[in-house]
Amino acid sequence: MTDRYFLTTPIYYVNGAPHIGHAYTSIAADVLARWKRLDGFDVFFLTGTDEHGQKVERAAADEQLDPQRFADGVAADFRDMADRMGISYDRFIRTTEADHKAACTALWQRLEQAGDIYLGDYAGWYAVRDEAFYAEDELVTKPDGLRVAPTGAPVQWVREPSFFFRLSQWQDRLLRFYDENPDFIAPPSRRNEVVSFVRGGLHDLSISRTSFTWGIPVPGHPGHVMYVWLDALTNYITACGFPDTDAASWRYWPADLHLVGKEIVRFHAVYWPAFLMAAGLSPPKRVYSHGWWTVEGEKMSKSLGNVIEPRELAATFGLDAVRYFLLREVPFGNDGDFSRRALIQRMNGELANDLGNLAQRSLSLMARNCGGRLPARGEETTDDGELLASAKALPPLLRAHIDAQRFHDALEEVWRVVRACNAYIDRQAPWSLRRTDPARMAVVLRVLADALRILATVLQPFMPDSMARMLDQLGVPADHRRLAMLAHPLPDGTLLPPPQGIFPRYAEPA
Ligand code: ME8
């Protein structure tokens, strides 16, 4: 039986256009999904859009559009962003779809039957920007005396009839669950944050609203729509076929990984497992929350006009350079700063010089001196053996890093080998061997071709198009590109297509 792997991105609000922050989470998740497929897993990769709630309702009203029409437009734009960033999702879910509404209704009924829902009155603070309720003692006072949410979002006082979820009853069970599942929340700093929040005591959670209508109706209670976070989180089980737990797609639940930004860890690591356990369903296996990007030292915002459009960036620098940069520049989990200068440096230094030149030099020597064919493997020297051993060690090393979402460490390991290949080619100088010892030249080039094949194979999830081209040039057939196929050497004499540069250098337009 094939091992399954189910991973998700957050579903993004359709109140505004996609930006680099959304692309970041989706690209990281995509690398993981592609890696797992390469490693033989049966992968289900879910992304999509979060379309209900007051924030979207207001954005639609600002555009004088009916919320559904407005959501249709922005959701299509998010989907286009995902497609153009090479996101290999298996489903793009929208919370306005019929199966999702049915799943939310069924989950609500289960929570109700379990006795975890009661009707009351909510009186408290609400931040529409965060779609979150805040307790009095969570608010912060700004220098001008204005009280805002801890995230800086404006808050309003809300008083309305509301259904509540008995979250207060789940404190001990959640703490026990975190204890028994030490890898459930990562990285560890976020885990500590969540545990101390839950230790501090939990209030019951308002899970319906009556002051607006753009949401999924509460079954049996017209006038109430479900709280947008209950609706949104449920997408992860809708996609697995809930409430039909006999459906073939239910085999993917529980999720192996919810990848999210650090600001929404509480929803995923506190509310979501509590809802699921209350409904008699298994909680997800892991929630990883990564850090936030700023741009040239500033917070990204529409008013500052510094919002980075990922599709424009890919059009300027090439998609793979952008994907590589985002995962290489900042240790995953930390905050990072986006700068064009840093992107260009990595693109020219690491992609064009280190990896691009290595491939170009090796491939053109084979084209010119080996009749455009893959030279035969020969007797290995210690130098050859050491280089090949370091390349062969990459798949297990990367497996461990990527399973722990250490994408930057995975890339660092790969570049260690790229640098070793460059040192090897300089030491061996196959261009001189051509005259003095052509047989040895052929062996050296074959060692390089074998090492490059491993490098290109493991880098496919990060830079799918460029690595497909590199594997084409190395004569690796399409059905030989999984990790398991690395155990099968390519036949000596395989015909190689004419080499072509893969990573252009970028020069700023004058
Ligand atoms: O929160 N840096 O949607 P959202 C890094 N609908 N990542 C960023 C980022 C930045 N500057 N800005 C956004 C929601 N992100 C809910 C989620 S899930 C059931 C519901 C990424 O449109 C990051 O993944 O506000 C963050 O968690 C997500 O976009 C928030 O997207």
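At what angle do the axes of helix 12 and helix 15 cross, and how close do they come? Before you select anything, note that this is a predicted model, where local features need pLDDT of at least 70, side-chain atom pairs count only at pLDDT 80 or more, and totals for chains, interfaces and linings use all residues. Residues are numbered from 1 along each chain as its sequence is written, and side-chain values use heavy atoms, with hydrogens and water left out.

**Stop 1: helices 12 and 15**

Select residues 340-369 (helix 12) and 407-428 (helix 15): their axes come within 10 Å and cross at roughly 45°. That makes helix 12 oblique to helix 15 (under 35 degrees would be roughly parallel, over 145 roughly antiparallel, 65 to 115 roughly perpendicular, and the rest is oblique). Axes here are lines fitted to C-alpha atoms, for helices over the stretch in contact, with angles from 0 to 180 degrees between N-to-C directions. Helices are DSSP runs of H or I with at least four residues, strands are E runs of at least two, and both are numbered from the N terminus.

Now show side chains: on helix 12, Glu350, Leu351 and Asp354 are among the residues that meet helix 15, whose side includes Trp415, Val418 and Cys421. Contact means heavy atoms within 4.5 Å.

**Stop 2: helices 13 and 14**

Jump to 382-392 and 394-403, where helix 13 and helix 14 pack at about 30° with axes 5 Å apart. The two are therefore roughly parallel to each other. Ser390, Ala391 and Lys392 in helix 13 meet Leu394, Pro395 and Pro396 in helix 14.

**Stop 3**

Strands pair if DSSP finds at least two bridges between them; strand 4 (residues 117-127) and strand 5 have three. For one of these, pick alanine 127 and its bridge partner in strand 5, alanine 132.

**Stop 3**

A search of the whole structure finds 32 aromatic pairs (ring centres of Phe, Tyr or Trp, using its six-membered ring, within 6.5 Å; planes under 30 degrees apart are stacked, over 60 edge-to-face, the rest tilted). Phenylalanine 165 and phenylalanine 275 form an edge-to-face one, 5.0 Å centre to centre with 80° between the planes. That pair links strand 8 to helix 9, 110 residues apart.
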